[in-house]
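Open the structure in your viewer and keep the selection tool at hand. Each stop below says what to select and what is there.

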Amino acid sequence: MATNSLLNTLQMLVETPGPSGSEHLIRSKVEEEIRDHVDELYTDALGNLIARKGSLGEGGKRVMVSAHVDEIGLMITHVDDNGFARFIPIGGVSPLTCLGGRVLFMNGTQGVIGIERLEPNEQPTLAKLFIDTGAVSKQDSQIGVGDVCGFERPFMNLGKRLVAKSMDDRAAAAVAIEALKAIHETPNEIYFVFSVQEEVGLRGAITAAYGVDPQVGIAVDVTRTGDTPKGVKMEVALGNGPAIKVRDSSFIADPRVVNWMVEEAKSQGLPYQMEVLEAGGTDGAAIQRTRAGVPAGCLSIPCRYIHTPSEMVDADDLQQCVSLLTGLLAKAIEI
Amino acid sequence: MTKKINTYTPELGEQELDLLSRLSNAMSVSGDEQEVRAIVYEELAEFKGNMHTDAMGNVLVTREGSDDDRLRVMLAAHMDEVGMMLTKEDGDGLFEFVVIGGVDPRQLVGKPVIVGRDHVPGVIGAKAIHLTTKEERANALKVNNLRIDVGLGGSKLVEIGDRATFDTKLTVLGPSLRGKALDDRLGVFNLIQLLKNAPENIDLLAAFTVQEELGLRGARTAAYYFNPDIGIAMDSTPANDLPDFDGEENTSHNTRLDDGPAIYLMDGATIGDRRLIKWLTETADSEGIPWQYRQPGKGGTDAGEIHKTHAGVPAVSVSVPQRYLHSAAGLVRIDDVVNTLKLMHAALSRLDKSILNPQENT
């Protein structure tokens with residue numbers, strides 16, 4: 001089971017809004033959480049929060065661990081005369097999961113998502129949707145063009161399974177924070193990057209990786225599963241342990257990094273599963289291609305219903321990811 | 001931020017209009033930007049020694065200010081335009097072609113064009129209406145059904161690989177300008193003016209970029225070279241400001257003519273830095289310059305590459321609103337062009353390093 005510390009961190013993270021480009025609240029929450037546990041802490045030009053733990057010692061390496069703190073969301077494009085707001089997606093948002101949804105703007109305004117009348121058999125599109133903030137006119141509206149909102153949904157603890165919006169990728173941020181706190185002695189110089197703008201194209205990780213200039217990189221992110229009724233065909237299942245990424249459509253994980261993760265899981269006696277993801281990308285791709293190239297991989301947390309307001313993870317998987325990541329980072333890295 | 005006395009008053013006089021005409025009329029299709037590059041060099045002769053052309057073809061100019069503790073500010077305007085390239089000779093003066101950059105094939109039919117570095121005149125013809133069937137008229141012709149016809153004499157003057165563009169000359173229409181390639185010659189024009197009248201409180205790093213229309217390719221290497229403190233792309237963006245056909249409120253105008261420079265919040269390539277957005281809108285408000293947000297949406301500008309260079313660069317875009325982009329003739333308001341220049345000059349003049357301070361809401 002997950003420790004209380006992990007659960008509390010997770011709940012705090014998932015209940016903080018932070019769509020790509022508007023990560024200021026979530027960044028300060030993470031900063032607060034880790035400030036007393038790191039050797040150096042700074043925010044770069046794009047807003048990535050970068051925390052250094054440890055200094056290069058015997059056999060150590062400079063490692064970048066990236067967990068993105070942004071989430072999908074919406075940005076207002078127009079508020080009409082009657083106060084209804086039109087929007088575009090920030091990251092991959094499906095119109096199907098928007099219907100009936102509730103949103104929370106960065107300025108505190110709340111709203112619900114409505115839809116224009118559809119023709120029979122017509123599929124909803126984002127252009128047909130609007131946000132109703134309860135305003136009766138444009139003048140009355142508390143939001144305007146450029147305002148940003150995230151989906152609003154409380155954290156739900158179902159015992160073994162945990163549900164929330166933005167498990168992608170706050171679950172990984174929680175894992176990174178717990179690992180960061182658990183590591184006391186390490187020959188490695190570890191840069192924990194809480195990256196921004198991943199959902200719009202790994203943009204934060206691109207600049208963070210350039211700045212950190214790591215010798216090895218690990219992204220921590222969620223991955224989809226193949227364990228739901230008539231779902232996609234995929235080996236990964238909730239509750240079967242940390243998933244070690246072999247490839248996704250953004251990169252092929254460095255085989256040395258894959259092997260390093262497998263060996264660590266075996267030595268700790270942790271369950272693990274190999275992840276071959278058909279579509280999707282992670283910060284690992286950005287790290288791998290920075291400067292003259294970096295061996296990079298990804299530790300994945302199995303997650304159902306990704307990019308919906310109710311993303312589900314398994315508490316044991318989560319705790320085992322913390323153990324695996326901590327083990328990987330706490331000792332000399334030989335790859 | 002400190003406020004400087006602004007002694008430069010931008011205008012579009014005879015001299016400026018002449019420069020803008022030469023820029024608009026020049027042929028500078030992505031990958032072969034030498035005509036605009038030549039004009040830039042000619043206009044900026046005073047910067048010789050601080051100006052070079054990089055491996056991609058970008059013209060990079062460094063204009064250092066004289067104040068202490070200056071911010072290094074990159075401004076980018078792209079020299080290239082969308083157009084066509086000859087791919088195969090069919091004989092009889094006819095050439096098959098492909099489009100370079102985003103061109104709506106429906107915009108091509110019946111347009112006069114110029115081909116190659118000698119500007120050989122031609123036309124993209126189509127069967128006369130007398131001979132077409134009802135079905136043919138109901139369907140738009142595709143690029144592979146079209147030919148550029150340069151005539152029998154012309155075919156000896158052009159060759160495969162030559163680029164082509166619309167044969168349009170810049171024209172003043174009262175308060176408006178009509179011309180081709182105003183995306184982004186307006187940016188090039190404004191950047192030239194800013195260099196000539198640069199404030200002393202910043203180092204102005206000017207990039208006249210190439211191959212923007214093919215994916216911001218020039219800006220990538222230009223930004224890597226400069227590694228600036230902040231970056232701004234100066235571009236042009238569609239004004240889809242005509243009334244909706246059904247009388248409903250137009251909720252997707254993108255921008256509107258006459259509403260001034262369009263400041264970007266988010267497009268397909270960049271989420272604008274909130275500090276820079278605030279700096280621009282506050283400058284416009286305090287200077288009494290009209291401005292508008294470009295509606296968040298798709299598309300991209302050179303800022304998309306600038307902000308991802310090195311360890312990251314706060315970036316934003318400012319565009320002149322324009323109707324009918326990427327066609328034979330776009331239409332802009334002179335006031336929008338001048339107000340964009342005014343905004344940029346006023347904003348740069350009041351810039352200092354405090355812009356980089358983290359802000360609560362950014």
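**Before you start**

This is a predicted model, in which local features need pLDDT of at least 70 and side-chain atom pairs count only at pLDDT 80 or more, while totals for chains, interfaces and linings use all residues. Residues are numbered from 1 along each chain as its sequence is written, and chains are lettered from A and ligands numbered from 1 in the order in which they are written.

**Stop 1: chain A**

Chain A has 8 helices and 17 strands; helices (H or I, at least four residues) and strands (E, at least two) are DSSP runs, numbered from the N terminus. Its C-alpha atoms fill a box of roughly 65 × 45 × 40 Å along the principal axes. The radius of gyration of chain A is 20 Å, which agrees with the value near 20 Å for a compact globule of 335 residues. That radius is taken over C-alpha atoms, and the globule rule is 2.2 Å times the number of residues to the power 0.38.

Of the 335 residues of chain A, 52% count as buried. A residue is buried if 20 or more other C-beta atoms lie within 10 Å of its own, exposed if 12 or fewer, and partly exposed in between, with C-beta atoms placed from the backbone.

**Stop 2: the domains of chain A**

Colour residues 4-71 and 165-330 of chain A as domain 1, and residues 73-151 as domain 2. Such bounds come from an automatic or database domain assignment. The centres of the two domains of chain A, taken over C-alpha atoms, are separated by 31 Å. In chain A, 13 residues of domain 1 are in contact with 13 residues of domain 2; contact means that two C-beta atoms, placed from the backbone, lie within 7 Å. On the domain 1 side of chain A, the residues touching domain 2 are 4 nonpolar, 6 polar and 3 charged. Here Ala, Val, Leu, Ile, Met, Phe, Trp, Tyr, Cys and Pro count as nonpolar, Asp, Glu, Lys and Arg as charged, and the others, Gly among them, as polar.

**Stop 3: A:Lys61**

Select A:Lys61, in the loop between β2 (49-53) and β3 (62-68) of chain A. Leaving aside residues up to four places away in sequence, A:Lys61 touches A:Asn188, A:Gln215, A:Val216 and A:Ile333. Now select A:Pro187: A:Lys61 and A:Pro187 are 126 residues apart in sequence, and 7.4 Å apart in space from C-alpha to C-alpha.

**Stop 4: chain B**

Move to chain B, which has 9 helices and 17 strands. Its C-alpha atoms fill a box of roughly 70 × 55 × 40 Å along the principal axes. Of its 362 residues, 50% count as buried. Where chain B meets chain A, the contact takes 20 residues from chain B and 23 residues from chain A. The chain B side of this contact divides into 9 nonpolar, 8 polar and 3 charged residues.

**Stop 5: two helices in chain B**

Select helix α7 (residues 274-287) and helix α9 (residues 334-349) of chain B; their axes come within 9 Å and cross at roughly 110°. Axes are lines fitted to C-alpha atoms, for helices over the stretch in contact, and angles run from 0 to 180 degrees between N-to-C directions. How are α7(B) and α9(B) placed to each other? They are roughly perpendicular, a label for angles of 65 to 115 degrees. B:Trp279, B:Leu280, B:Thr283, B:Ala284 and B:Glu287 in α7(B) meet B:Leu343, B:Ala346 and B:Ala347 in α9(B). By class, the residues of this contact are 6 nonpolar, 1 polar and 1 charged.

**Stop 6: backbone details**

Most residues other than glycine have a negative phi, and most peptide bonds are trans. Select A:Asp168 and A:Asp169: the peptide bond between them is cis, with omega near 10°. A:Asp169 lies in helix α4 (residues 167-182) of chain A. In chain B, the peptide bond from B:Asp183 to B:Asp184 is cis, with omega near 15°.

Finish at A:Leu202, which has a positive phi near 55°. A:Leu202 sits in the loop between β12 (189-195) and α5 (203-212) of chain A, and counts as buried because it has 26 C-beta neighbours inside 10 Å.

Notes
Parallel < 35°, antiparallel > 145°, perpendicular 65-115°, else oblique.
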